[in-house]
Amino acid sequence: MPAATRDAFGETIVRVGQDDRIVVLTGDLRDSTRTEDFAEKYPDRFIECGIAESNMLGIASGLAMSDKIPWACSFSCFVTGRFETVRLSVAYQEANVRIVGTHTGIGVGEDGYSQMSLEDIAMIRALPNVAVINPADAAEATGAVEYLIEHQGPAFLRLTRQKVDDVNGSGYRFEFGKAVQLRDGNDVAFVATGATVAEAVKAADILKERDGITARVLNVHTIQPLDEEAVLGAASDCGALVTVEDHSVRGGLGGAVAEVLAQRDGDARLHIIGVRTFGESGTSEELYEKHGLAGERVAETTRSFLAEIA
């Protein structure tokens, strides 16, 4: 059943909150980050920091140094926008902080660009020791939260405001750093992350039904560290890759895949689908259509890409 990944986070953090090492912090956004239930159930381990994200990150770092597992939660554009504090207080200190960024990409919708994080993956991926996890659906978000309780080192969890379709089947188990193959194919490989994984699946189905093109679909929930072997395997088998992400085309998943291909397989062809401008106001559906992230548009772009390289 479609659900926002922030909702799955909120439900899961309450369930695992019996672990008294867990502390949740937010910047005057307990409702939006779905941390209000945790605050009600565990008030002694909830810290309202106000609109002061740098301070929140500093507190979280101190808590991590005191053997707590702090979850610093805000809109992704606000919390990763305090990059200097993330860099020095969290990453450089090897602090066991979980940075939770909600309201990611143009999927935020009508609130417009000031609330959209289209650069967050690029910024955090530049830090060598911070894990970057971008779940595709509720089950994956749940698994990621459960995993992050025992993960060692700083991590960034990127969550959606809008509801996203389920892409993982029953019995799904989250495996950190391992891409999930959702469709098999040899003509092209979609390498997608987060909310756009469902759109890549739709595109693969469209291409198979209308054009006889078989598309492999890789769900890359962990962008750092990237599952390089899965990417290289798709490159070897398909020869053409299309990355799909609700993020800038610069520095996100597409950039990570390009780096791997450039260093280890220069023969595969790559096309990056993402956002090429600033964001704007509109419904999630309207913006995905306009910026080429909707399944039909992804299929259309891929069709043209394959014709071009044939």
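A cavity is a set of grid points where a 1.4 Å probe fits but cannot get out. In this predicted model, the count comes to one cavity of 30 Å³ or more.

**Enclosed and open space**

Rolling a probe the size of a water molecule over the atoms shows where empty space is left. The largest cavity holds about 50 Å³ of space. Its lining is made up of Thr 104, Asn 134, Arg 158, Thr 160, Gln 162, Thr 193, Gly 194, Ala 195, Thr 196, Asp 246 and Tyr 288. By class, the lining of the largest cavity divides into two nonpolar, seven polar and two charged residues.

The largest pocket has a volume of about 340 Å³. Its lining consists of 18 residues, and Gln 162, Lys 163, Glu 199, Ser 284 and Glu 285 are the ones nearest its centre. Gln 162 is also one of the residues that line the largest cavity. Two helices, H8 (196-211) and H11 (284-290), each contribute at least two residues to the pocket lining. That lining divides into six nonpolar, five polar and seven charged residues.

**Packing of H1 and H7**

Two packed helices are described by the angle between their axes and the distance between the axes. For helix H1 (residues 5-15) and helix H7 (residues 138-148), the angle is about 40° and the axes are 8 Å apart. Their crossing is right-handed. On the H1 side, the contact is formed by Thr 5, Ala 8, Phe 9, Thr 12, Ile 13 and Arg 15; on the H7 side, by Ala 138, Ala 141, Thr 142, Val 145 and Glu 146. The residues of this contact divide into six nonpolar, three polar and two charged. An α-helix has 3.6 residues a turn, so residues three or four places apart point the same way.

**H9 and its two ends**

The buried residues of helix H9 (residues 228-238) are Ala 230, Val 231, Leu 232, Ala 234, Ala 235 and Cys 238. These residues pack against strand S8 (188-192), strand S9 (215-219), strand S11 (240-248) and helix H10 (253-264). Just after H9, Gly 239 takes a positive phi of about 80°. Pro 225 is found in the loop between strand S10 (222-224) and H9. The peptide bond that joins Gln 224 and Pro 225 is cis, with omega about 0°.

Most residues other than glycine have a negative phi, and most peptide bonds are trans.

**Thr 26 in strand S1**

Thr 26 is found in strand S1. This threonine is buried, because its relative accessible area is 0%. Leaving out residues up to four places away in sequence, Thr 26 touches Thr 33, Thr 35, Phe 46, Ile 47, Glu 48, Cys 49, Gly 50, Met 56 and Cys 73.

Key: Residues are numbered from 1 along each chain as its sequence is written. This is a predicted model: local features need pLDDT of at least 70, side-chain atom pairs count only at pLDDT 80 or more; totals for chains, interfaces and linings use all residues. Side-chain values use heavy atoms; hydrogens and water are left out. Axes are lines fitted to C-alpha atoms, for helices over the stretch in contact, and angles run from 0 to 180 degrees between N-to-C directions. Helices (H or I, at least four residues) and strands (E, at least two) are DSSP runs, numbered from the N terminus. A crossing is left-handed if the near helix is turned anticlockwise from the far one by less than a right angle, and right-handed if clockwise. Contact means heavy atoms within 4.5 Å. Ala, Val, Leu, Ile, Met, Phe, Trp, Tyr, Cys and Pro count as nonpolar, Asp, Glu, Lys and Arg as charged, and the others, Gly among them, as polar. Buried means under 20% relative accessible area, exposed over 50%, partly exposed in between (1.4 Å probe, protein chains only). On a 1 Å grid over the protein atoms alone, a cavity is a set of points where a 1.4 Å probe fits but cannot get out, and a pocket is an open set with protein on both sides within 12 Å along at least five of seven lines; lining residues have an atom within 4 Å of a point. Grid points are joined across faces, edges and corners, and a volume is the space filled by probe spheres set on the points.
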